[in-house]
Amino acid sequence: MRLSVEPSGRLEFGPGVLAGLPGFVAELGHDRAFVITDRGLRATGIVGRVERTLAAAGLAHEVHEDVGPNPSTVELDRGAARLRGFGNAVVVALGGGSALDAAKGISVLAGNPDAVAADADTLWSAADGLPIVAVPTTAGTGAETNGFGVVEDLHVRRKVYIGHSSVLPRIAVLDPELTLGLPAPVTASTGLDALVHGIESLASRGANPVSAAYATQAVSMVSRWLPVAYRDGADLEARSRLMLGAHLAGRALTLSGLGLVHGIGHALTARTGTPHGVALAAVLEEVMTFSAPAAASAYETAARAMGVSTVDGGGADAAIAAVREISGSIGIKRPLRELGVTREMLPAIAEAAVADAVTKNSPRLPAPAEVLDLLQAVH
Ligand SMILES: [Fe+2]
């Protein structure tokens, strides 16, 4: 075996670590910060807290609050125009996965004066973007562990990957206090996403011992603490462990890739706007059952990480049962018809899921007809 592993960026984790933000910006050689955040995050008080922290340290800053739940190339171009006007700075990516994804694209565009987001495919070899400090406010996506984002190209109505090695966040600031106020459904959706990252990473064709080390620990922490954080959002220990587990899951998937659960999840969200984690939950056990013949050892590892016994070689069954229990305890699994999916949409969703690049790492490669069967069973 040969392995070449790029390290992720620096991690600063712990309750209250946000207070160090001005110092992190300064360590990257800048005295200016351009904050990119979700529309609506201000209402939580977090944006104001970041502004006060930067202002108290005398850092010039501007806040760009123009990122929606599924960011588009148009939003990225708007953000890049504003950042170019602000000038050279550290980009502080503040919010959920959408804000972090958008910030990476905006940062690349700002480093390339004539580029537009619709050129996403050519930007991978463009000039460097501005350096990013990522401050996630949810525990799940792992977007702070990689240098690309998924955005919607409104002109051709498809998801595009936009990124560059230079916009891998230099520092991930993981402050679990920022997640204390997350509503339970958001905790469930983002946390389930992290659990799926761990499980799909373990079973991925791209898995290796390094990704598996991250993924195993991630599955252990997320499975243990997600139900606790869901029941009591004010439990700081649960919030902390869940956030760190989700980060490790992000490191795992960045190294290994994912699989069919995400292929289907992307297709569902693109057509119905269903939150990412809810879309994944709708098919998770069913995809695991489909994949089990090719993923016995990975699922046995997952089952052990979730603390369930795997006697008689029944690792896959045990893992699937454990996942069903977690999913049930956070009330996230719903039939597709309740997510706005009609029977007529299923063939196109199956086709899109198989065509999604993420599906190529599935342990058992599906044909569209097999995915269609699976979708009909959960409709
Ligand atoms: Fe995900």
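Predicted model: local features only at pLDDT ≥ 70, side-chain atom pairs only at ≥ 80, totals over all residues.

Biologist: What makes Asp193, His197, His262 and His276 donors of the iron ion?

Modeller: Distance. A donor is an N, O or S atom within 2.8 Å of this metal. Asp193 (OD), His197 (NE2), His262 (NE2) and His276 (NE2) sit at 2.1 to 2.2 Å from the iron ion. They therefore count as donors.

Biologist: Why is the site of the iron ion called irregular?

Modeller: Four donors count as tetrahedral if all angles lie between 85 and 135 degrees. Here the angles among the four donor atoms run from 81 to 167°.

Biologist: What spacing do the donors follow along the chain?

Modeller: The spacing is D-x3-H-x64-H-x13-H.

Biologist: How do you know whether His197 and His262 are buried or exposed?

Modeller: Buried means under 20% relative accessible area. His197 has 3%, so His197 is buried. His262 also has 3%, so His262 is buried too.

Biologist: Now the sheet. What is the order of its strands?

Modeller: The order is β1-β8-β5-β4-β2-β3, in an open sheet of six strands with parallel pairing.

Biologist: Why are β1 and β3 called edge strands?

Modeller: Each has a single partner strand, so one side of each is left without a neighbour in the sheet. The twist averages 20° from one strand to the next.

Biologist: How do you know that β8 pairs with both β1 and β5?

Modeller: Pairing takes at least two bridges. Four bridges join strand β1 (residues 10-13) to β8. Two join strand β5 (residues 132-136) to β8. Both pairs therefore qualify. In β8, Ile171 is the bridge partner of Arg10, and Ala172 is that of Ala134.

Biologist: Which way do the side chains of β8 point?

Modeller: Ile171 and Val173 point one way, Ala172 and Leu174 the other, and all are buried. In a regular strand, side chains alternate between the two faces of the sheet.

Biologist: What makes the meeting of α6 and α11 a contact?

Modeller: Contact means heavy atoms within 4.5 Å. Ile199, Leu202 and Ala203 in α6 meet Ala298, Tyr299, Thr301 and Ala302 in α11. The axes come within 8 Å and cross at roughly 145°, and the crossing is right-handed.

Technical notes: Residues numbered from 1 in each chain as written. Heavy atoms only, no water. Donors = N, O, S within 2.8 Å, 3.2 Å for Na, K, Ca; no water. Tetrahedral: all angles 85-135°; square planar, octahedral: opposite > 155°, others 65-115°. Buried < 20%, exposed > 50% of the residue type's maximum accessible area, 1.4 Å probe, protein only. Axes fitted to C-alpha atoms, helices over the stretch in contact; angles between N-to-C directions. Left-handed = near helix turned anticlockwise from the far one by under 90°.
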